[in-house]
Amino acid sequence: MKKTIKTSILVIVFLMIFSTIVHGESSLSLFGKSVTLQDNNNPEDYVFSLQLLFLLTILTLAPSILIMMTGFTRILIVLSFIRNALGLQQTPPNHVIIGLALFLTFFIMAPIATEINNDAIQPFINAEISQEIALERAINPIRNFMFKQTRDKDLGLFLSLKGMTNGVNNLDEIPTHVIIPAFIISELKTAFQIGFIIFIPFLVIDMVVASTLMAMGMMMLPPVIISLPFKILLFILVDGWNLIIKSLVLGFN
């Protein structure tokens, strides 16, 4: 009996492996509907599928593009420095700071977005230019923006790491993957410089309050509790938000 079962199993496996006949259906049942699988001889459908895949990839990378290739990084860091300099932990809340940084980024990048829409997106939608030309026209305004905000030292660092120290005469010869990291570290340095300047007046207030409390013998009273109202008052009197936002926006011009 066992020998018969083993023989039957071997026969079935042999037929499954070496059989040249494939038993399958070209139609599937999905949600009560019949879906037919067949070859498509129209190459335009494949091109459209590739374009759709490319679009979905761009949408996936959109947050990184927004954060790293615009002024969002500098604005967000500076706003965070303001909150820390005032000594406020969660005021304004994180979502308020991020929202303000986001809308300021839209305001600053609006001319560039308009240029991309007029020169790249609309002609491509109207089938006036190819996809390659549309991508080139779309990236050029962003490259120009990043190049203007990038320090020569930071750009030279990545050019030297790339081995392109000689023969680079203009922006067109610099690859995009070199400009992007140079722009990012330049934005970080600029944001920290602005943050240092913001901290100075509030640090002076902390030192004056701490010295006054020490002179009065009130060493057990935390100076932060006394200095916080004075720092908020100073920030209100000089119209701090107006000055900071004006400096950030004009810094990108």
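Phe81, Phe192 and Phe199 form one aromatic cluster.

The model is predicted: local features need pLDDT of at least 70, side-chain atom pairs count only at pLDDT 80 or more, and totals for chains, interfaces and linings use all residues. Residues are numbered from 1 along each chain as its sequence is written, and side-chain values use heavy atoms, with hydrogens and water left out.

**Exercise 1. Describe the aromatic pair of Phe103 and Phe106.**

Step 1. The structure holds seven aromatic pairs. In the pair of Phe103 and Phe106, the ring centres are 6.1 Å apart and the planes stand at 90 degrees, so the pair is edge-to-face.

Step 2. Both residues belong to helix H4 (residues 94-125); because they are three residues apart there, about one helical turn separates them. Helices (H or I, at least four residues) and strands (E, at least two) are DSSP runs, numbered from the N terminus.

Step 3. Phe103 is exposed, with a relative accessible area of 60%, while Phe106 is partly exposed at 43%. Buried means under 20% relative accessible area, exposed over 50%, and partly exposed in between (1.4 Å probe, protein chains only).

**Exercise 2. Characterise the aromatic pair of Phe202 and Phe235.**

Step 1. This pair is tilted, with 6.3 Å from centre to centre and 45 degrees between the planes.

Step 2. Distant parts of the chain are linked by the pair: Phe202 lies in helix H7 and Phe235 in helix H8, 33 residues apart.

Step 3. Phe202 and Phe235 are buried.

**Exercise 3. Determine which residues line the second largest pocket.**

Step 1. A pocket is defined on a 1 Å grid over the protein atoms alone, as an open set of points where a 1.4 Å probe fits, with protein on both sides within 12 Å along at least five of seven lines; lining residues have an atom within 4 Å of a point.

Step 2. The lining consists of Ile197, Ile198, Pro201, Phe202, Leu234, Phe235, Val238, Gly240, Leu243 and Ile244. Helix H7 (176-215), H8 and H9 each give two or more residues to this lining, and H7 provides the largest share, four residues.

Step 3. By residue type, the lining divides into nine nonpolar, one polar and no charged. Here Ala, Val, Leu, Ile, Met, Phe, Trp, Tyr, Cys and Pro count as nonpolar, Asp, Glu, Lys and Arg as charged, and the others, Gly among them, as polar.

**Exercise 4. State where Asp239 is placed.**

Step 1. Asp239 is in the loop between helix H8 (223-237) and helix H9 (240-251).

Step 2. Although Asp239 is not a glycine, its phi is positive, about 55 degrees.

Step 3. Asp239 is partly exposed, with a relative accessible area of 41%.

Definitions and conventions. Rings of Phe, Tyr and Trp (its six-membered ring) pair if their centres lie within 6.5 Å; planes under 30 degrees apart count as stacked, over 60 as edge-to-face and the rest as tilted.
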